[in-house]
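Please read it beside the sequence and the model.

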Amino acid sequence: MKEVTAVGTAPDTLPTAPGSASEIVDLDAAYRGSNIQQVLDELEKELIGLGTIKGRIREIASLLLIARLREEQGLTTDKPTLHMSFTGHPGTGKTTVALQMAKILHQLGYVRKGHLVVATRDDLVGQYVGHTAPKTKEAIKKAMGGVLFIDEAYYLYRPENERDYGQEAIEMLLQSMENQRDDLVVILAGYKERMHTFFQANPGFHSRVGNHLDFPDYTLEELMKIAELMVQRQHYDLDEKARRAFREYLVLRMRQPHFANARSVRNALDRIKLRQAARLIARGGRIPREELAHLAEVDVRASRVFQAGTVGTNED
Amino acid sequence: MKVTQGTFSYLPDLTDAQIKAQIQYCLDNEWAISIEHTDDPHPRNSYWEMWGLPMFDLKDPAAIMLELNSCRKTFPNRYIKVNGYDRRYTKQTVALSFIVNRPAEEPGFRLDRQESADRQVRYTLHSYATERPSGKRYGEG
């Protein structure tokens, strides 16, 4: 694989000698002007938990702001590497954070459009010789001016098959991560362990990805908060008993295989809504308005998770 | 002789930054952008060859510049133009079209007069470039 060092985009104008004038830089005004706080607040509101991730995002946002101020003051800085890797178990908010990240980068002027293009192996790797390059190029072009989010990135690399076309996609990605750094931010996502082996097998990626963010699993309390937020947002209502039942449900569910954090919570709530609807229809008659929004304990308790001896089945 | 076809053709050739800004304007108007090239500069030649498919789903001019630059690399000595196609119902036409690349040397045209019946004269434009077969008109490009 050919390593292409970036053709240095030399600035047209020579920077004014640093320290030539001691100007005062108003950080507060710059911070307010950049709307970072709004985006961070939104992040705080939308995402439960994930303290470390939020901290890292704040750091990255600060770095970008400072880099911009430095540039305005004529202090040359290398453009920070913005490619990132998000590792964590399913349902820990990787895609959601990626969306927010695109917004933040857009707000700070580091990407021009701030859209997120989600791609998986299928979108990048072709079926036959010569099919991969155009496909990868399409995805890269579509993501230009925004963020290219590659979910389960390790599937690109299949060491067991040396004729696999994934390598071609990887090389193209590496090339544009280097040469189109100003036009494109790439975020690679996937399980931690597998991403680790992926990076070891592709050192080019590892060196080009500046920020490694690890998404921790949610705690029970956080999952409950997520559930409440989801219920609230969909204009449903869990009563006290149902809430307790749901907590018990989560405790049991977390021990089962294929637990996917927030996604499992959402699926469980969807099924609870299903059972509520079935219960209401079965009863028929005239009901008060609140009953339409009310999720009762029986709806939660009817889940198969509560029945002993079903360990190993998928969710329900 | 500088061929003047399409928008901006009486201006000096656009710089890449200017081309980018025009592409941005197209994108803002949701026009689909396509790149076409030819080595037959006759003004009535409306069938230029397509460089890839029209780009309907791109959001950023950088992606189109990438295609444009690869077209330039392949055909440095051809005319290349960027078209913005307005796909709205009742419009459905090219709304903006401008040349972004031209051969180093443009031999220009000659006016041919053809005498026909009753001393009528018919005029036609003859492009010197087309005297050679396509593909060999402007160097190897």
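**Notes on the predicted model**

1. In chain B, four strands make an open antiparallel sheet, ordered S2-S1-S3-S4. Strands here are DSSP runs of E with at least two residues, helices are runs of H or I with at least four residues, and both are numbered from the N terminus. Two strands count as paired if DSSP finds at least two bridges between them. Strand S2 (49-50) and S4 of chain B are at the edges with a single partner strand each, so one side of each has no neighbour in the sheet. Strands of a sheet pair through backbone hydrogen bonds, either parallel or antiparallel.

2. Basis of the note. This is a predicted model, in which local features need pLDDT of at least 70 and side-chain atom pairs count only at pLDDT 80 or more, while totals for chains, interfaces and linings use all residues. Residues are numbered from 1 along each chain as its sequence is written, and chains are lettered from A and ligands numbered from 1 in the order in which they are written.

3. Within the sheet, strand S1 (residues 32-38) of chain B is joined to S3(B) by seven bridges, and the two run antiparallel. Ile33(B) has Gly84(B) of S3(B) opposite.

4. The loop between S3 and S4 of chain B holds Arg87(B). Arg87(B) is partly exposed, with 13 other C-beta atoms within 10 Å; a residue is buried at 20 or more such atoms within 10 Å, exposed at 12 or fewer, and partly exposed in between, with C-beta atoms placed from the backbone. Leaving aside residues up to four places away in sequence, Arg87(B) touches Ala32(B) and Gln92(B), where contact requires C-beta atoms, placed from the backbone, within 7 Å. Between Arg87(B) and His42(B) there are 45 residues in sequence and 27 Å in space, C-alpha to C-alpha.

5. Thr90(B), in the loop between strand S3 (79-86) and strand S4 (93-101) of chain B, has a positive phi near 80 degrees although it is not glycine. Thr90(B) counts as exposed because it has 6 C-beta neighbours inside 10 Å. Asp118(B), in the loop between strand S5 (109-115) and strand S6 (121-127) of chain B, also is a residue other than glycine with a positive phi, near 60 degrees. Asp118(B) has 5 C-beta neighbours inside 10 Å and therefore counts as exposed. Most residues other than glycine have a negative phi.

6. Chain A contains 14 helices and seven strands. The C-alpha trace of chain A spans about 80 × 55 × 30 Å along its principal axes. Of its 316 residues, 34% count as buried. Taking contacts in chain A between residues at least 6 apart in sequence, 77% join residues at least 24 apart.

7. Chain A is divided into domain 1 (27-215) and domain 2 (220-306), with bounds from an automatic or database domain assignment. The centres of the two domains, taken over C-alpha atoms, are separated by 34 Å. Their contact takes seven residues from domain 1 and nine residues from domain 2 of chain A. The domain 1 side has two nonpolar, five polar and no charged residues. In this classification Ala, Val, Leu, Ile, Met, Phe, Trp, Tyr, Cys and Pro are nonpolar, Asp, Glu, Lys and Arg are charged, and the others, Gly among them, are polar.

8. Helix H8 (residues 192-201) of chain A has Met195(A), Phe198(A) and Phe199(A) buried. Viewed down the axis of H8(A), these buried residues fall within an arc of 95 degrees, so they line one face of the helix; the arc is that of the directions from the helix axis to the C-beta atoms. Glu193(A), Thr197(A) and Gln200(A) are exposed on the other side of H8(A). The buried residues of H8(A) pack against strand S1 (84-88), strand S4 (184-190) and helix H9 (203-208) of chain A.

9. In H10(A), the buried residues are Leu223(A), Ile226(A), Ala227(A) and Val231(A). They fall within an arc of 130 degrees seen down the axis of H10(A), so they line one face of the helix. Glu221(A), Gln232(A) and Arg233(A) are exposed on the other side of H10(A). After H10(A) comes His235(A), with a positive phi near 60 degrees.

How values were computed:
Two residues are in contact if their C-beta atoms, placed from the backbone, lie within 7 Å.
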